[in-house]
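Here are my notes on the model you sent over, written as numbered points. Have the structure open while you read.

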Amino acid sequence: MPRLRHLVAAPLVALFVASAAAAPVDIIDDQGQALRLAQPARRIVSLAPHITELLYAAGAGDRLVGAVQYSDHPEAAKKLPRVGGYSAVDMEQVIALKPDLVVAWKSGNRNAHLDKLRALGIQVFINEPRRIDDVAKSLAQFGRLAGTDAAGEAAAKAFRARHAALAAKYSARPRLRLFYEAWNRPLMTINGEHLISDVIRLCGGDNVFAKLPMLAPTVDVESVLATQPEVIVASGMGEGRPEWLDDWRQWTRLPAVARGNLFFIPPDLIQRHTPRILDGAERLCGQLEEARARR
């Protein structure tokens, strides 16, 4: 009798697993659009480097069949077929990969490209993290989309726990006025709606250009000097500290210069909307602690 029960139960378990895997996915994307997949996606194309990284973190790396340039983390992502850049998508290559889902970036991808994909019957999910917790939300969403729910939820839970620990340690620290220099020519920064501003707030900083209307505005040197930042943080293009950060040293009366508070964080750790942004947050929080000690 036990053997008979085993023989009956095994097919039922297999049927349950197959049914769960084939269950439709109903989800709302970050643009408020409802999306329904007949079953979890098996062929996904990513149209932003941070989306590629998030998909891997959510356990969906083996569902990826294509990604844009600079999708370089984790190491496996470097081997994915390329479909152009996030602002210059190779539409023919995307279509040739026959995706059942394209995950796009609202701030980076062109609407004309996304509209064309939808017109061809390809499902498009829009991702747009604006707060630190949106990274955790994205991990859970991507897990649902790919049928890797458990991995996505686990990654989201771990991310939220680390975020909470940083908030408990730093968010109530004395405030510091901070200028974030994303690039030098043109001189670019971020406003209060940008994810990086949420990192600045987490560490007890105040973005001096938080009230500007554009997400990534261009400013001039005179406007930076007028805000009298106590800290200047630059990102640049790679792992090395950009030489142009030291251009501020000519303004010897600027508080950030007078106190030696010119800091650098690699862009991959603070400008990508991924779990690694908490690595960047830890660096920034430590830098602001140094700045407080110099007051």
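**Notes on the model**

1. Asp-198 counts as buried because its relative accessibility is 14%; buried means under 20% relative accessible area, exposed over 50% and partly exposed in between, with a 1.4 Å probe and protein chains only. Asp-198 sits in helix H7. Setting aside neighbours within four places in sequence, Asp-198 is in contact (heavy atoms within 4.5 Å) with Arg-130, Arg-131 and Ile-132.

2. Some ground rules before going on. This is a predicted model, in which local features need pLDDT of at least 70 and side-chain atom pairs count only at pLDDT 80 or more, while totals for chains, interfaces and linings use all residues. Residues are numbered from 1 along each chain as its sequence is written, and side-chain values use heavy atoms, with hydrogens and water left out.

3. Now the overall picture. The protein has 10 helices and 12 strands; these are DSSP runs numbered from the N terminus, helices being H or I with at least four residues and strands E with at least two. Its C-alpha atoms fill a box of roughly 85 × 45 × 30 Å along the principal axes. Of the 295 residues, 49% are buried. Take the contacts between residues at least 6 apart in sequence: 61% of them join residues at least 24 apart.

4. Helix H7 also belongs to a right-handed β-α-β unit, together with strands S9 and S10. Right-handed means that, with the strands pointing away from the viewer, the path from the first strand over the helix to the second runs clockwise.

5. How is strand S9 (residues 176–181) placed, covered or open? It is mostly covered, with five of its six residues buried. S9 pairs in the parallel sense with S10 (residues 205–207) over three bridges, where pairing requires at least two DSSP bridges between the strands. Leu-178 has Asn-207 as its bridge partner in S10. S9 also runs parallel to strand S11 (residues 231–234), joined by four bridges, and there Glu-181 stands opposite Ala-234.

6. Helix H2 is worth a look too. Eight of its nine residues are buried, so H2 is largely enclosed by the rest of the structure. Among the buried ones are His-50, Glu-53 and Tyr-56. The cover over them includes strands S3 (44–46), S4 (64–67), S7 (101–105) and S8 (124–127), plus helix H5 (132–146). After H2 comes Gly-59, with a positive phi near 80 degrees.

7. On to the largest pocket, which holds about 1000 Å³ of space. On a 1 Å grid over the protein atoms alone, a pocket is an open set of points where a 1.4 Å probe fits, with protein on both sides within 12 Å along at least five of seven lines; lining residues have an atom within 4 Å of a point. Of its 31 lining residues, Tyr-86, Trp-105, Met-237, Pro-267 and Gln-271 lie nearest the centre. H2 (49–57) and H7 (195–202) each supply at least two residues of the lining.

8. The second largest pocket has about 160 Å³ of space. Its lining includes Glu-181, Arg-185, Trp-244, Trp-248 and Trp-251.

9. One last item, in helix H6 (residues 149–170), where Ala-168 has its place. Ala-168 is exposed, with a relative accessible area of 71%. Ala-168 and Leu-202 are 34 residues apart in sequence and 9.2 Å apart in space, C-alpha to C-alpha.

Notes. Grid points are joined across faces, edges and corners, and a volume is the space filled by probe spheres set on the points.
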